[in-house]
Amino acid sequence: MESLDLKMPKYMVYCVVVACLGSFSNGWVIGSANVPGEVTHACENGSAHVSSGAFPDCLPMATGLWGFAVSAFCVGGLIGGLFGGNIQTKFGRKKTIIFNNLGWILGGLLQGVAVNPAMFIVGRILCGLSCGLGSLATPTYVGEISTIKARGTMGTCNQFAIVIGILLASVIGLPLASVPLWRINYALVAIPAIAQFFLMSGCVESPRYLVSINRIEEAKESLQRLRPNTNIEKEFFGMVEGQLGTAAARAITGMDSASINKDDAKSFDDQIEDGVVTGEEGVRESMNMIQIFKDPLIRRIALTVLALHVIQQLIGMNAVMYYSTTIFNMSFSAEMSKYMAIVTTVVNFASTILSLILIDRMGRRPLLLIAEAGACLFSVLLIIGYVYNLGALLVVSVFGYVLSFAIGVGPIPWMITSEVTPVYASSAVGAIATAMNWAMNFLIGQCFPIVFEGIKGYSFAIFAGVAALAFAFTYLKVPETKGRSLEDIVKGFEKSS
């Protein structure tokens with residue numbers, strides 16, 4: 001059996017699940033401040049040591065400072081993402097994921113034992129550093145080890161783990177939303193981080209990364225472990241060819257045109273004639289963040305990826321999730337609104353499961369287009385629900401909006417980043433895309449409350465406009481990547497440029 005026909009070998013799935021423990025930690029950090037937020041910074045006894053002699057009951061903060069403290073992890077995410085490319089190129093995907101857990105462990109514990117706002121904020125930033133680096137390293141690793149037929153499903157596991165983290169942090173936060181139990185809610189992120197620190201050592205390094213640093217035999221052994229009891233020659237040939245060139249791939253693997261099916265042989269020869277690849281190509285040096293904008297092909301890929309990450313944030317999902325309670329307060333009691341906000345997280349969870357099922361059946365482009373059209377429609381309905389104070393329409397609109405985001409706009413940008421970018425440019429493109437994503441996240445977190453306070457429900461008109469533009473961009477510029485090897489997707493960009 002050819003490895004290209006394989007779907008979900010057990011060991012590959014195990015490596016993906018272990019890698020996505022970091023995404024779970026990411027989601028926990030995002031959701032940990034949702035429910036116990038009030039008691040964390042505005043409890044009855046303030047900084048007095050009533051419940052515990054060692055720690056103050058809470059950390060009194062003004063609304064503005066609390067808003068910064070909650071979103072401080074975005075600052076860490078921006079820094080972690082920006083420098084993450086160099087880190088994962090130098091140390092590899094596996095080691096990066098392993099040692100990235102230190103930020104969650106130290107940051108979570110620091111928040112749990114914080115005696116003043118400064119300690120709490122530093123803890124959030126440390127967690128953010130791991131969130132940013134993990135946002136880059138995990139999708140890269142998952143994309144590079146997954147089979148072609150299951151890469152979409154495996155890639156969606158990243159977003160699925162984030163959503164589970166957010167959901168569990170909110171649910172577990174309910175009984176912990178009291179003095180002094182709120183501290184436990186922030187410190188719990190250390191548990192999945194410690195688990196991943198040890199479990200990840202049992203996973204292989206990405207074979208594509210090993211090829212990129214010319215460790216060919218190790219790469220082949222790694223690929224064979226990920227594709228047990230199958231013939232990996234064709235897949236391995238494609239990996240080597242995509243990075244070292246056709247002539248080098250033939251020399252290294254011992255395969256020639258006659259060893260591959262006729263269509264593949266013809267495509268390789270055509271590429272040489274067209275100048276897409278040359279026989280003289282060797283190991284390509286990893287590009288930095290300046291070089292990716294000088295190379296015409298990589299610049300085009302990078303701008304496509306950047307646009308998708310900007311869209312993911314500016315389309316407004318985080319604003320809806322952060323302020324879902326406020327939105328529901330327009331029509332419901334404060335107590336009911338709190339529970340409706342948790343139901344919204346459950347809808348996000350269920351919708352991500354739907355994305356897992358559909359991503360490798362329908363493809364990336366159709367799901368992305370459906371998601372953007374849905375986000376536009378439900379943003380408009382949110383405005384109508386606000387204007388006419390229609391509680392039922394507000395609920396349907398928020399749930400519909402979350403559903404639309406979760407099936408496409410949420411998981412696909414992270415997945416496509418590793419799918420469309422060649423390995424020699426993946427770290428730089430991924431780093432700048434991750435940093436941009438976190439910067440936009442921080443921007444939304446800081447600006448949306450001001451906009452919402454000024455124009456209330458009409459603020460969703462901005463998100464409707466972004467969603468409409470996103471639909472047009474996806475239709476015109478984003479390629480379908482379903483059922484194609486990473487190397488073939490890059491060649492598609494080459495031929496159309």
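How many residues does H22 have, and how far does the helix reach from its first C-alpha to its last? H22 has 33 residues and reaches 45 Å, close to the 48 Å expected at 1.5 Å a residue; the expected span is 1.5 Å times one less than the number of residues. The model is predicted, so local features need pLDDT of at least 70 and side-chain atom pairs count only at pLDDT 80 or more, while totals for chains, interfaces and linings use all residues. Residues are numbered from 1 along each chain as its sequence is written, and side-chain values use heavy atoms, with hydrogens and water left out. Helices (H or I, at least four residues) and strands (E, at least two) are DSSP runs, numbered from the N terminus.

**Helix H22**

- H22 bends by about 35 degrees at Cys447, and Pro449 follows within four residues. The bend at a residue is the angle between axes fitted to the seven residues ending there and the seven starting there.
- Just after H22, Lys456 takes a positive phi of about 50 degrees.
- Thr434 is found in H22. Is Thr434 buried or exposed? Thr434 is buried, because its relative accessible area is 1% (buried means under 20%, exposed over 50% and partly exposed in between, with a 1.4 Å probe and protein chains only).
- Leaving aside neighbours within four places in sequence, Thr434 is in contact (heavy atoms within 4.5 Å) with Gly81, Gly132, Ser135, Leu136 and Trp414.

**Cavities**

- Rolling a probe the size of a water molecule over the atoms shows where empty space is left.
- The structure holds eight cavities of 30 Å³ or more. On a 1 Å grid over the protein atoms alone, a cavity is a set of points where a 1.4 Å probe fits but cannot get out, and lining residues have an atom within 4 Å of a point.
- The largest cavity has a volume of about 380 Å³, a volume being the space filled by probe spheres set on the points, which are joined across faces, edges and corners.
- Of the 27 residues that line the largest cavity, Ile30, Gln159, Ile162, Ile166 and Asn318 are the closest to its centre.
- Helices H2 (21–31), H6 (117–145), H7 (151–173), H15 (296–314), H16 (317–322) and H22 (423–455) each supply at least two residues of this lining. H7 gives the most, with five residues.
- The lining of the largest cavity divides into 11 nonpolar, 16 polar and no charged residues. Ala, Val, Leu, Ile, Met, Phe, Trp, Tyr, Cys and Pro count as nonpolar, Asp, Glu, Lys and Arg as charged, and the others, Gly among them, as polar.

**Loops and backbone**

- A cis peptide bond, with omega about 0 degrees, joins Val179 and Pro180. Pro180 lies in the loop between H7 and helix H8 (182–187).
- Asn229 is found in the loop between helix H11 (216–226) and helix H12 (233–244). Phi of Asn229 is positive, near 60 degrees, in a residue other than glycine. Asn229 counts as exposed because its relative accessibility is 78%.
- Asn389, in the loop between helix H19 (364–387) and helix H20 (391–409), has a positive phi of about 55 degrees although it is not a glycine.

**Separations along the chain and in space**

- Ala54 lies in the loop between helix H3 (37–41) and helix H4 (63–91). The C-alpha atoms of Ala54 and Val113 are 9.0 Å apart, and the two residues are 59 residues apart in sequence.
- Arg300 lies in helix H15. The C-alpha atoms of Arg300 and Leu109, 191 residues apart along the chain, are separated by 42 Å.

Methods:
1 Å grid on protein atoms, 1.4 Å probe; cavity = no way out; pocket = protein on both sides within 12 Å on 5 of 7 lines; lining within 4 Å.
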